[in-house]
Amino acid sequence: MGTFVGHLVPGLALTLLGLWHSINTISAYALKGSTNFTARFWYPFNSPFSNLKYLELIFILFFSVFAIFIQVLDFPFLRLSFELDNFEHASMFLHLAIFSGFTLSAELTHSLERLSGVSGILAASVLGQELFLLHFHSTDHVGLEGHYHWLLQLIVLVSFVAALAATSFPTSFPAALVLSTAVVFQGCWFMNMGFMLWVPEFVPKGCKAQLTESSMHSAVACASHEADLRARALANMQFSWILSGILILVGSLCLKLVGKYSSNVDLIKYEQLHSRVPDVPIAIDGFKKVHT
């Protein structure tokens, strides 16, 4: 994962997954209301083809297995890698594969409703292991790169706490929404790290990307203490700006989807109430005939 592509591809996948969950979480809350809402750790893909229902889980499972092989084979060199950092990255995807594999099996055996808590625990373990391996990473992320990874740990920590909350309190809409939003944030931050640390044109002023291992891995070094402080401040502002953009998007989705589904629900309730009105005189007339 210590490459531009190694951050861009997982980051894009996490962003799309988080957006998918955010849209479905908000839609489910708007349709069911606060009393009937239940958090989900995966959402079926509704299409004319029934086989695509489990597309999300299948995608996560195959992506995780593919990523594990990529780490073990040390892409793009395609050689067996015995580097600790590669095994650490593969371990993160291993827990993701365990979660998706178990959830898919439980769904296919029609037992997920009774095992939803286990699925939630496994989802939380994915984020917990990611946080653990990032914090105790064998690769010593120092300087500007270390600061970007420290900010990443904050996002993963929020995701982990939200996953535990959604598992413990499955009817909590805020917990489910924070979880999906944090996944979007994590994906966007991954992509931002790929550009800022591995693309020389995006490296902050006064700093330089030092490429190693056949120009595949890099570390950013700043020429002075002032340049390092400026680069860290820029990272902090990027953190805030990206979060602001995501919150604006999520807030807009809430306003749009809740307004859309609320009007539909009100219309259905009105039609149901209107359809019962003609039945009242008929019942009264029948009551009179019986007693005359």
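Buried means under 20% relative accessible area, exposed over 50%, and partly exposed in between, with a 1.4 Å probe and protein chains only. By that rule I logged Phe136 as exposed at 55%.

**Ground rules.** I am working on a predicted model, where local features need pLDDT of at least 70, side-chain atom pairs count only at pLDDT 80 or more, and totals for chains, interfaces and linings use all residues. Residues are numbered from 1 along each chain as its sequence is written, and side-chain values use heavy atoms, with hydrogens and water left out.

**Rings.** I looked for pairs among Phe, Tyr and Trp rings (six-membered ring for Trp; centres within 6.5 Å; stacked under 30 degrees between planes, edge-to-face over 60, the rest tilted). The structure holds 13 aromatic pairs. Trp20 and Phe45 make a tilted one, with 6.0 Å between centres and 40° between planes. This pair links distant parts of the chain, 25 residues apart: Trp20 is in helix H1 (residues 4-36) and Phe45 in the loop between H1 and helix H2 (55-72). I took helices (H or I, at least four residues) and strands (E, at least two) as DSSP runs, numbered from the N terminus. Trp20 is partly exposed at 27%, and Phe45 is partly exposed at 32%.

Phe132 and Phe136 are also a tilted pair, at 5.4 Å and 55°. Phe132 is partly exposed at 44%. Ring pairs join Tyr148, Phe185, Trp189 and Phe239 into a cluster.

**Charge over rings.** I checked for NZ of Lys or CZ of Arg within 6 Å of a ring centre and within 35 degrees of the ring normal. Arg40 lies over the face of Trp42 at 5.3 Å from the ring centre, and over the face of Tyr43 at 5.8 Å.

**Core.** I defined a nonpolar core as buried Ala, Val, Leu, Ile, Met, Phe, Trp, Tyr and Cys residues joined through side-chain atoms within 4.5 Å. The largest has 53 residues, and Ile26, Tyr148, Leu152, Leu179, Trp189 and Leu197 touch the most other members. H6 gives the largest share of this core, 15 residues. For Leu152 I listed contacts (heavy atoms within 4.5 Å). Beyond neighbours within four places in sequence, Leu152 touches Leu134, Gln186, Trp189, Phe190 and Met193.
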